[in-house]
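Work through the exercises below with the sequence and the model in view. Try each task before you read its solution.

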Amino acid sequence: MNDTKRFSAPRSAHDRSGAATAAPAPAAARQRRRPASPQWAAWGFLAPVTLYLAFFYAYPLYRNLDLSLRDYTVRSFVQGDAPFTGLANYRKVFDDPAFAPALLHTVVFTAVCLVFQYAIGLALAVFFNQHFRLSATLRALFLVPWLLPLIVSASTWSWMLNSDSGIVNALLHAVGIAPVNWLTSPSWSLASVIIANIWIGVPFNLVVLYSGLQSIPGSLYEAAALDGASAWQRFWRITFPLLRPVSAITLLLGLVYTLKVFDIIWIMTKGGPADSSTTFATWSYQLGFGNLLPAFGPGAAVGNLLVVAALVFGLIHVRVQRKQALS
């Protein structure tokens, strides 16, 4: 019996030590599981954005690409059995006689609008940056064209440029200039929609460029003035270079917006007369929805050309910004 007691004691001590070492195991497991909670929280915050991008960006782009690669009719669009045609719709678009004029109008419309919107917006931003009396009030009034719905702005310009009862022709008649058929003449229809779009886009450039001017230290202008620099030299040597990053993103956003302008052109001229103001945006709509027999495939192909153009300029912007950051 003594031997039994002598051998049983170490076992109880071993059991106690084992229990002592096993006790902290749940706490250690909890500590190992803790780092997972921030990761799940991060995925939880990313989930709404991911779902939004998937449903409202990725899926529509996929559907548009699928439309451009198949021969969709009204029946096949409903039943979903359109045959795969590859790049046939793109070849049909490139061979269409309306392709070259629509491309030219898109380039002219986009380039002219960007140049004038940026130039006028920058001039107004520099002007309002002087902080004179009523500066804030006038700046707020310049935002009105940007805040109005596009259908209201386009309808207003249609009334103003009307050949018979428009206020613009009335002013021209008052100064002895013959009236102009702004919306019904092939020579003036594209210029008319360009003027309206410039008026609508100037406030956006004003707001963004004005915010960029606020980040430029005033001490730089004071030092340049002490050195005898003129107002133009201060603008060209200080304002314009330091405003370059803001200008780049302003022009990029303006480019993407201008490429897809549809409402203004369609309400004012419907792309006419004789397709004189047709751009890729209006042409895509005409192909897909403007005929009794809609051409969904070619219409989607034209829309994809706009997407590719915006993507190319976006990649160029990213590449230029990356080079500037490394230099």
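**Exercise 1: A residue in a helix**

Leaving aside neighbours within four places in sequence, Thr258 is in contact with Phe109, Thr110, Cys113, Leu114, Gln117 and Asn197. Contact means heavy atoms within 4.5 Å.

Before going on, note the ground rules. This is a predicted model, in which local features need pLDDT of at least 70, side-chain atom pairs count only at pLDDT 80 or more, and totals for chains, interfaces and linings use all residues. Residues are numbered from 1 along each chain as its sequence is written, and side-chain values use heavy atoms, with hydrogens and water left out.

Task: State which helix holds Thr258, and decide whether Thr258 counts as buried or exposed.

Solution. 
- Step 1. Find the element. Thr258 has its place in helix H14. Helices are DSSP runs of H or I with at least four residues, numbered from the N terminus.
- Step 2. Recall the cut-offs. Buried means under 20% relative accessible area, exposed means over 50%, and partly exposed is in between (1.4 Å probe, protein chains only).
- Step 3. Apply them. Thr258 has 1% relative accessibility, so Thr258 counts as buried.

**Exercise 2: Two packed helices**

Task: Describe how H6 and H14 pack, giving the angle and the distance between their axes.

Solution. 
- Step 1. Pick the quantities. Two packed helices are described by the angle between their axes and the distance between the axes.
- Step 2. Read them off. H6 (residues 99-128) and H14 (residues 244-259) pack at about 140 degrees, and their axes are 10 Å apart. Axes are lines fitted to C-alpha atoms over the stretch in contact, and angles run from 0 to 180 degrees between N-to-C directions.
- Step 3. List the partners. H6 contributes Thr106, Phe109, Thr110, Cys113, Leu114, Gln117 and Tyr118 to the contact. H14 contributes Ser247, Leu251, Gly254, Leu255, Thr258 and Leu259.
- Step 4. Sort them. The contact residues divide into seven nonpolar, six polar and no charged. Ala, Val, Leu, Ile, Met, Phe, Trp, Tyr, Cys and Pro count as nonpolar, Asp, Glu, Lys and Arg as charged, and the others, Gly among them, as polar.

**Exercise 3: Salt bridges**

Task: How many salt bridges does a search of the whole structure find? Which residues are linked in a network?

Solution. 
- Step 1. A salt bridge is a side-chain nitrogen of Lys or Arg within 4 Å of a carboxyl oxygen of Asp or Glu.
- Step 2. Count. The search finds two salt bridges.
- Step 3. Take the pair within H3. Asp66 and Arg63 meet at 3.3 Å, N to O. Both lie in helix H3 (residues 36-68), three residues apart, about one turn of the helix.
- Step 4. Take the other pair. The closest N and O atoms of Arg70 and Asp66 are 2.8 Å apart.
- Step 5. Join them. Arg63, Asp66 and Arg70 form a network of salt bridges.
- Step 6. Check accessibility. Asp66 counts as buried because its relative accessibility is 13%. Arg63 is at 25%, so Arg63 counts as partly exposed. Arg70 has a relative accessible area of 25%, so Arg70 is partly exposed.

**Exercise 4: Confidence**

Task: What average pLDDT does the protein chain have?

Solution. 
- Step 1. Know the scale. pLDDT is the predictor's confidence in each residue, from 0 to 100.
- Step 2. Read the average. The chain averages 85, and 88% of the residues score at least 70.
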